[in-house]
Amino acid sequence: MILQTLLTTTQAATTEDVDKVQQVLQKLMDWGVNAGGHIIGALLIFIIGRFLIKILNRMLARILTRRHVDAGIQSFTKSLVNILLTILLIVAIVNKLGVETTSFAALLASAGVAVGMALSGNLQNFAGGLIVLLFRPYKVGDWIESQGESGTVREIQIFHTILTTADNKVVYIPNGALSSGTIVNYSREDTRRVDWVIGVEYGENFDKVEAVTRRILAADSRILEKPAPFIAIHALDASSVNIAIRVWVKSQDYWDVYFDINKTIYAVYNNEGIGFPFPQLTVHQAKD
């Protein structure tokens with residue numbers, strides 16, 4: 001009798017344990033199916049969302065191009081819209097995974113304060129980008145110099161301005177520094193002045209030097225007639241008479257004219273017998 005009671009109790013306990021295991025397994029299966037559905041849905045949202053973001057970015061780029069919006073505003077707007085759409089996509093994915101957007105938004109808000117303090121420099125750069133677009137000290141395609149760097153403006157993004165230097169390096173300058181620092185824009189005006197200081201030997205006839213130099217300048221069609229070229233004695237240096245030459249050219253011709261006239265002056269001065277000086281030292285020897 002006792003043995004039968006023990007067997008009955010054991011069977012009941014075993015059956016109860018099996019039922020518990022089955023319940024746990026069922027819950028795990030239900031959770032797995034539910035979680036799998038959320039994960040698959042989140043993946044689909046991610047794939048479709050990225051596809052839609054690309055389409056919207058292309059549409060925005062076409063619209064801005066058709067309306068002939070400034071290239072700097074175009075790059076800034078496209079960068080900003082892409083970031084905002086990406087944030088919306090992240091929120092949609094998090095919501096699909098079962099995280100409530102209200103609590104997620106609260107989390108973002110609280111985290112945003114901390115992140116904002118940590119990234120205060122980037123917020124300054126963002127504000128700087130808005131100031132650059134508003135006051136437009138430069139635009140895409142301009143040659144500028146700032147923060148010890150110079151180059152052609154390639155893009156104006158929400159945090160940085162991208163320059164391409166003369167030797168084809170890419171430089172990222174924070175917009176905050178550009179909006180509050182000194183900027184030299186070499187492309188803003190249509191014309192620029194080219195300056196040379198050429199040294200000739202003492203004893204050279206200045207009138208001859210001036211006439212030869214004016215002939216060289218008149219032969220170059222890139223040099224503007226107004227304002228007229230300026231030639232004068234710049235300084236009486238230790239070993240040379242320095243001649244100052246100033247002409248005006250279109251901004252895009254600046255460096256070509258500068259180097260070409262250097263080459264031409266060297267060749268023509270030699271042909272005309274105008275000597276270039278070199279450092280000299282006169283020593284007077286005392287007599288016994």
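Here is a short tour, stop by stop.

Before you start, know that this is a predicted model, where local features need pLDDT of at least 70, side-chain atom pairs count only at pLDDT 80 or more, and totals for chains, interfaces and linings use all residues. Residues are numbered from 1 along each chain as its sequence is written, and side-chain values use heavy atoms, with hydrogens and water left out.

**Stop 1: a pair of helices.** Select residues 206–218, helix H6, and residues 254–271, helix H7. Helices here are DSSP runs (H or I, at least four residues), and strands are E runs of at least two, numbered from the N terminus. The axes of H6 and H7 come within 11 Å and cross at roughly 135 degrees. Those axes are lines fitted to C-alpha atoms over the stretch in contact, with angles from 0 to 180 degrees between N-to-C directions. That angle makes H6 oblique to H7 (under 35 degrees is roughly parallel, over 145 roughly antiparallel, 65 to 115 roughly perpendicular, and the rest oblique).

Now show side chains. Val209, Val212, Thr213, Arg215, Ile216 and Leu217 in H6 meet Ile261, Thr264, Ile265, Val268 and Tyr269 in H7, where contact means heavy atoms within 4.5 Å.

Stop 2: Follow the chain into the loop between H6 and strand S7 (230–236), where proline 227 sits. What kind of peptide bond joins lysine 226 and proline 227? It's a cis one, with omega about -5 degrees.

**Stop 3: a positive phi.** Jump to arginine 136, in the loop between helix H4 (120–135) and strand S1 (143–146). Arginine 136 isn't a glycine, yet has a positive phi of about 50 degrees. For background on these two stops, most residues other than glycine have a negative phi, and most peptide bonds are trans.
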